[in-house]
Amino acid sequence: MSETVSESTAGATAGTPAIELRGVSKTFGDGDRAVRAVDDVSLTVRAGEIFGVIGYSGAGKSTLVRLVNALETVTAGSVVVEGTDLTGLPERKIRGIRARIGMIFQQFNLLNSRTVAGNVAYPLKVARWPKEERAARVAELLDFVGLADKARAYPRQLSGGQKQRVGIARALATSPTILLADEATSALDPETTRDVLALLRRVNAELGLTIVVITHEMDVVRSLCDRVAVMEHGKVVEVGDVYDVFSAPSADAAQRFVGTSMHDRPSPDALARLRERHPGRLVTVGVREGASSGTELFRLLREHEVDGSVVFGGISEVGERPFGSITVELVAPDERIAAFLAALRTRADVVDLGTAERPVDDPRSLLTEGGDR
Amino acid sequence: MSETVSESTAGATAGTPAIELRGVSKTFGDGDRAVRAVDDVSLTVRAGEIFGVIGYSGAGKSTLVRLVNALETVTAGSVVVEGTDLTGLPERKIRGIRARIGMIFQQFNLLNSRTVAGNVAYPLKVARWPKEERAARVAELLDFVGLADKARAYPRQLSGGQKQRVGIARALATSPTILLADEATSALDPETTRDVLALLRRVNAELGLTIVVITHEMDVVRSLCDRVAVMEHGKVVEVGDVYDVFSAPSADAAQRFVGTSMHDRPSPDALARLRERHPGRLVTVGVREGASSGTELFRLLREHEVDGSVVFGGISEVGERPFGSITVELVAPDERIAAFLAALRTRADVVDLGTAERPVDDPRSLLTEGGDR
Amino acid sequence: GGGSGNAEGDGTLRIGVVGASDDKWAVFQEQAEAEGLTIELVDLQDYTQANPSLSQGELDANQFQHLQFLAGYNVDADDDLTPIGATAVYPLGLYSEKHDSLEQIPAGGEVAVPNDPTNLARALLVLQDAGLIELKDGGSAVSTEADVLPSSKVTVTPVAAEQTPIQLKSVDASIVNNDFLADSGLDPDSALFQDDPDSKAAEPYINVWVARAEDSDDPDLKKLVEISHSDEVVAAEKKQSGGTAVIKDNSPEELQEILSGLEDDIRSAS
Amino acid sequence: MNRDWSTLWPLLWEAFGQTLQMVTIALLTGGIAGLALGLALYVTRPGNLLANKAVFGVLNVVVNIVRPIPFIIFVTLLGPVTLQVVGTTLGTEAFIFPLSVMTAFGTSRIVEQNLVGIDPGVVEAARAMGASSWRIITTVLVPEALAPLILGYTFLFIAVLDMSAIAGLIGGGGLGDFALRYGYQRYNWMVVLVTVAVIIVIVQVVQWLGNLLARRVLHR
Amino acid sequence: MNRDWSTLWPLLWEAFGQTLQMVTIALLTGGIAGLALGLALYVTRPGNLLANKAVFGVLNVVVNIVRPIPFIIFVTLLGPVTLQVVGTTLGTEAFIFPLSVMTAFGTSRIVEQNLVGIDPGVVEAARAMGASSWRIITTVLVPEALAPLILGYTFLFIAVLDMSAIAGLIGGGGLGDFALRYGYQRYNWMVVLVTVAVIIVIVQVVQWLGNLLARRVLHR
Ligand SMILES: Nc1ncnc2c1ncn2[C@@H]1O[C@H](COP(=O)(O)OP(=O)(O)OP(=O)(O)O)[C@@H](O)[C@H]1O
Ligand SMILES: Nc1ncnc2c1ncn2[C@@H]1O[C@H](COP(=O)(O)OP(=O)(O)OP(=O)(O)O)[C@@H](O)[C@H]1O
Ligand SMILES: [Mg+2]
Ligand SMILES: [Mg+2]
């Protein structure tokens with residue numbers, strides 16, 4: 001099950017914590033116009049894990065990660081990175097820690113005065129890599145992000161996605177031990193996104209890189225993250241294993257986000273259209289790891305002599321484990337359907353949507369309203 | 001079926017064309033370093049339709065759209081907007097046309113010197129709206145994009161998604177007849193995205209706004225667009241109705257994109273894990289509009305006495321029509337399964353994935369490699 | 001500095017002048033060299049720097065000023081620079097492009113005058129003599145535009161000395177220093193009025209060679225004074241001044257006496 | 001010969017007024033003309049809003065012809081024009097004219113410089129809305145570059161104050177003239193120091209205002 | 001006495017050399033010192049990289065004390081220091097010292113101004129990589145503002161040229177002095193025009209170079 005509100009820093013650590021936030025708040029401005037961007041957040045990111053941060057636009061995600069490398073200073077609380085408390089540390093000391101943290105910026109923040117290659121080489125220069133190694137490393141990274149031919153172009157001559165890829169290459173250049181990725185794939189096409197995620201997974205697995213990913217793409221969370229935090233109004237309203245949060249979101253925001261991401265439950269509009277197309281009884285059956293729902297569906301159908309079809313739904317993996325639901329149309333006399341559903345209910349989550357004539361409104365379908373038209 | 005390469009401008013128009021591109025090319029720079037960002041593109045966007053443009057990062061999507069409101073001038077070909085050929089038109093005349101085109105920029109391009117409200121009011125001032133109406137309209141738009149409380153904030157004080165929402169409000173302010181949306185929801189969380197898409201759909205339906213959407217989020221294309229163009233290396237490699245392009249993508253890029261978007265076919269990794277979990281025969285069954293595959297699946301299973309379960313897949317809507325596939329595990333003696341598959345094949349697209357001991361590699365599953373871990 | 005009479009210690013005499021490009025200096029330099037003296041003319045653009053530089057020892061002598069100016073400097077800067085020889089007196093005249101005689105200058109007219117303290121005072125005295133203005137307490141060597149009484153016939157506007165001829169288009173008349181007459185194309189004879197260089201009243205305006213007090217007996221410097229009275233240099237001087245220069249040959253002692261008197265006047269005036 | 005302060009104070013006060021008058025008028029007229037000229041230089045630059053090689057070339061050369069002329073020479077060369085325009089070539093009013101003209105030319109370069117850093121994206125956004133070039137200039141270029149422009153005008157304030165020091169050459173008065181005539185030319189360093197102190201105080205106030213405004217405008 | 005051109009040409013040529021010497025040295029030394037001072041002003045500004053109210057306050061006031069002093073008075077006031085440093089207060093060398101000092105102070109404001117427009121995001125990116133402040137200053141601030149800085153230095157070139165015109169006051173020579181002495185003060189407008197023409201040609205060349213470089217650096 002996912003933990004609500006905020007996990008206690010003491011209990012959550014399996015590995016050594018890479019990042020620990022203790023009661024951290026950040027307020028911008030003062031007086032009337034003060035904005036509390038991060039509000040009393042306590043959180044632990046374990047070394048070597050991929051930690052997702054999701055939440056509404058303006059929830060405080062970017063601010064939260066910017067506190068981790070002290071680009072913003074906390075208003076209250078403390079930030080501990082790899083055992084060092086950053087609070088009140090002099091800039092010079094912070095520098096050493098920052099050198100071990102790569103950051104991909106939401107707005108890219110490329111140096112306009114440097115070429116693509118120059119931008120990627122910059123952190124290497126800061127880290128005093130020798131010239132030849134630098135060139136080789138830059139070539140390798142540009143090759144990976146598919147910008148080898150743009151090495152000598154300037155940021156102003158790049159497309160949005162190309163800029164973002166330069167930002168990614170730059171953040172990875174020095175092989176940091178922690179990567180803060182703020183919407184790192186937001187400007188990328190699906191295939192480039194896939195490549196980038198595959199790379200992140202690889203460096204995470206091979207080099208033990210700790211990654212904090214801010215994203216609004218639920219697919220990224222689903223396929224990349226080990227754990228995820230959900231933010232709302234500056235607060236972390238839910239933290240937990242990705243599978244737990246997806247399969248049983250407790251916070252309101254978490255429920256909505258998971259809903260939009262799964263595409264497995266029809267939106268009210270889509271449901272209306274389904275009912276038009278399928279006059280029979282519509283039933284949504286949840287599929288969870290361990291639960292036998294999916295497995296025994298066909299046998300039960302046969303046993304109860306219920307005909308029908310799969311008309312909607314999605315079963316895919318969340319954190320490598322199967323998760324989702326299917327909506328089926330059942331065609332049979334009512335009593336046979338009733339018997340079938342009774343049997344099925346003992347084994348799986350079942351939501352009866354009724355028939356076109358006698359629709360049953362499923363409150364949970366509302367959650368996915370935006371998933372499809 | 002989707003049309004490949006480029007549709008002929010003559011044949012494609014059902015309604016009046018809102019935008020016509022005729023053999024348009026755009027080259028940046030010259031000599032060695034010339035970049036042909038848009039390469040001989042001919043395309044018609046009908047009045048009142050929602051037209052998607054997808055393609056790899058750097059494919060030329062932004063450049064293409066920028067040609068439509070003459071922010072860039074064509075190197076060759078001509079651009080006709082609502083019947084007016086922009087090519088060689090003096091800036092003053094172009095201005096009148098631009099006033100009817102709203103644009104959401106990929107990089108937002110907000111005026112840093114103006115507040116959020118000031119940014120949204122700006123196009124209204126340009127269009128000489130009276131002061132009171134302006135204020136009312138700004139309030140209405142900010143309310144819609146959820147930034148009423150940020151009206152007096154400056155762009156630098158906004159989060160990425162908040163900036164993007166200001167850009168959206170600004171583009172819609174004057175109720176343009178054409179909207180060019182360049183990655184308009186790339187920085188937004190799923191729920192805000194849903195709201196924005198719903199609004200776009202509404203203004204499209206109610207006011208007949210023609211919308212050109214550049215996006216890398218296939219879900220946006222799937223749920224919003226009527227037609228879609230796929231770009232690669234500056235060329236439009238495929239144009240057609242969204243359903244056609246999704247159900248039968250012909251260009252390579254189109255196939256890959258659709259694959260990543262559907263999440264219905266397991267990636268090789270996911271397939272391996274499926275085989276681990278499900279020792280029986282795995283079969284992927286396509287679901288298309290009109291085809292009876294889904295509908296008759298259960299009857300056939302029963303008739304052939306094949307047991308099993310739905311283990312993967314997704315069926316959702318593309319352009320309001322059902323589309324997808326499910327992967328099922330079949331448990332029965334081989335000969336019964338063979339008979340069942342033979343029967344099923346007459347009715348649906350079937351891909352046999354074999355069993356864990358005797359796997360059959362499905363070439364098409366490769367397409368979706370990145371869809372899930 | 002030092003009593004050797006040359007600042008560089010290499011035998012070169014550094015002389016501060018204003019307008020080193022004047023012909024008379026070319027002639028002067030030739031003659032000095034013939035006498036075995038190496039001189040370097042340091043050309044200064046305005047009057048203010050020449051005396052401090054001499055005092056600081058960067059120059060060995062200067063020759064650009066009249067006694068009135070020197071007196072003002074010595075008092076203001078509390079210095080004791082000493083005149084070691086005279087050169088000439090130049091009359092200061094009133095010129096006009098709009099009027100042909102003093103009488104034609106209308107009441108309420110405007111006259112441009114040089115704005116450096118000594119030339120300003122001298123110009124005001126010239127205008128008073130011409131009957132165009134009245135000065136408070138009869139005027140003195142330290143009068144300024146503030147001393148012009150309201151009862152005066154014209155108003156005066158102090159401007160840079162070199163601007164007075166340029167301003168002729170704007171004003172009724174200008175007081176123009178002799179230095180600028182030839183260059184600005186004004187004929188010395190066309191002056192509507194000028195002071196008398198030969199009169200006793202012109203004594204303060206005797207241009208002098210100046211040295212530091214301790215160098216006042218330096219033989220090399222004395223030689224310079226002599227050379228400046230050679231026929232060739234005098235001829236060049238006359239030619240350059242359009243014949244208006246009245247050559248003076250007062251002894252250092254006479255000059256010092258006049259200077260002391262002027263200095264006392266200034267001290268008592270302020 | 002040095003006057004006592006009882007006579008000097010009123011003169012200093014008058015000079016103060018003259019300087020304020022000169023600098024204010026020059027900055028207002030020349031500053032505005034220079035803003036226009038600087039904007040023209042910027043927008044006609046190759047690649048910019050109203051890119052026009054010919055116009056830019058001419059403006060660029062004209063500005064470069066005027067600016068390097070030593071100011072006192074410029075004042076004199078402009079004399080005939082000043083006489084036409086102002087009716088005299090003497091006094092404060094007569095000096096304000098060439099001062100304003102030179103201020104305009106100097107300002108133009110400062111303005112141009114400060115506009116170069118503007119993100120082309122925002123100009124593009126305004127163009128996309130159908131804004132006219134004039135509107136873009138007034139509502140985008142100027143506001144977006146306002147912080148550096150404010151600092152630029154603060155810089156110019158001092159430059160103009162400096163130029164105004166030679167107003168005395170044509171009877172224009174002002175603090176610079178006061179310092180020169182009653183201080184420098186009379187070796188009265190007290191007068192120089194007091195006058196310079198007055199100038200410095202004015203400058204500090206103006207700079208403080210400039211910094212304050214610039215910070216406001218940056219919204220950081 | 002107006003001289004003929006055969007004697008004037010060599011003088012003009014010499015003046016040209018002096019001006020080049022003065023301006024070049026002043027821009028090199030003063031320009032670099034001013035860059036440092038301007039960077040210091042920028043980074044210590046409230047909210048910036050090394051924000052430090054005290055240091056910024058002091059620098060700001062010091063610059064404002066020096067800059068508004070009328071240059072001729074500044075040259076004189078600095079005389080004792082010049083004597084110590086240069087060994088003389090007369091001649092071209094002696095003039096270069098105060099010229100460089102004033103150039104440094106003027107430059108600082110231009111530099112400061114041109115840095116204000118930098119996107120704070122890029123500075124942040126460099127900070128996030130662990131770059132030291134010094135590195136950020138040299139490899140981010142300066143390169144990112146290079147285009148306006150180049151135009152700023154072009155502006156300063158002319159300002160320094162203008163200041164150098166009064167070198168003649170202490171026997172420093174140069175083109176400005178030549179134009180004043182042989183032209184203006186002798187009402188020989190031909191000499192003024194020729195000299196000014198020479199100055200203008202130099203300026204055009206420098207501006208052309210500046211524009212070219214700035215455009216290069218903008219990568220637009
Ligand atoms: N001003 C420019 N100068 C040179 N090349 C440019 C310029 N603008 C764009 N390009 C190039 O043109 C190509 C197309 O760019 P465009 O911005 O249209 O891509 P895009 O399809 O919008 O990509 P993305 O999805 O990453 O935003 C890219 O290779 C880009 O590098
Ligand atoms: N410099 C600032 N001054 C004032 N308010 C700010 C500032 N930076 C951020 N904020 C506010 O803090 C809140 C959190 O911003 P933040 O950028 O962390 O959001 P986010 O979760 O990253 O959103 P998005 O997904 O849209 O990027 C927002 O309401 C924003 O307006
Ligand atoms: Mg953010
Ligand atoms: Mg783009």
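How much area do chain B and chain A bury between them? Together they bury about 6300 Å², and the legends below take you through this predicted model view by view. Local features need pLDDT of at least 70 and side-chain atom pairs count only at pLDDT 80 or more, while totals for chains, interfaces and linings use all residues. Residues are numbered from 1 along each chain as its sequence is written, chains are lettered from A and ligands numbered from 1 in the order in which they are written, and side-chain values use heavy atoms, with hydrogens and water left out.

**View 1. The interface of chain B and chain A.** The size of an interface is often given as the accessible area lost when the parts come together. Buried area here is the accessible area (1.4 Å probe) that two parts lose on being put together, summed over both. Of the area between chain B and chain A, 50% lies on carbon and sulfur atoms. Contact (heavy atoms within 4.5 Å) links 73 residues of chain B with 73 residues of chain A.

**View 2. A salt bridge between the chains.** A salt bridge is a side-chain nitrogen of Lys or Arg within 4 Å of a carboxyl oxygen of Asp or Glu. The rule finds two of them across this interface. In one salt bridge, A:Glu191 pairs with B:Arg256, and their closest N and O atoms are 2.4 Å apart.

**View 3. The shared site of ligand 1.** Residues from both chains A and B surround ligand 1, so the site is shared between chains. A residue is near a molecule if one of its heavy atoms lies within 4 Å of it. There are 20 residues around ligand 1, and those that come nearest are A:Ser159, A:Gly161, B:Lys61, B:Ser62 and B:Thr63. Sorted by class, this shell holds six nonpolar, 11 polar and three charged residues (Ala, Val, Leu, Ile, Met, Phe, Trp, Tyr, Cys and Pro count as nonpolar, Asp, Glu, Lys and Arg as charged, and the others, Gly among them, as polar).

**View 4. Polar atoms beside ligand 1.** Look for A:Gln162, where a polar side-chain atom lies 2.8 Å from an oxygen atom of ligand 1. On chain B, a polar backbone atom of B:Gly58 is 2.7 Å from an oxygen atom of the ligand. For B:Ala59, a backbone N or O atom lies 3.2 Å from an oxygen atom of ligand 1. Taken alone, ligand 1 exposes 630 Å², and the protein buries 88% of that (accessible areas come from the Shrake-Rupley method with a 1.4 Å probe).

Technical notes:
Polar contact = N/O pair within 3.5 Å; in protein donor to acceptor, adjacent residues only side chain to side chain.
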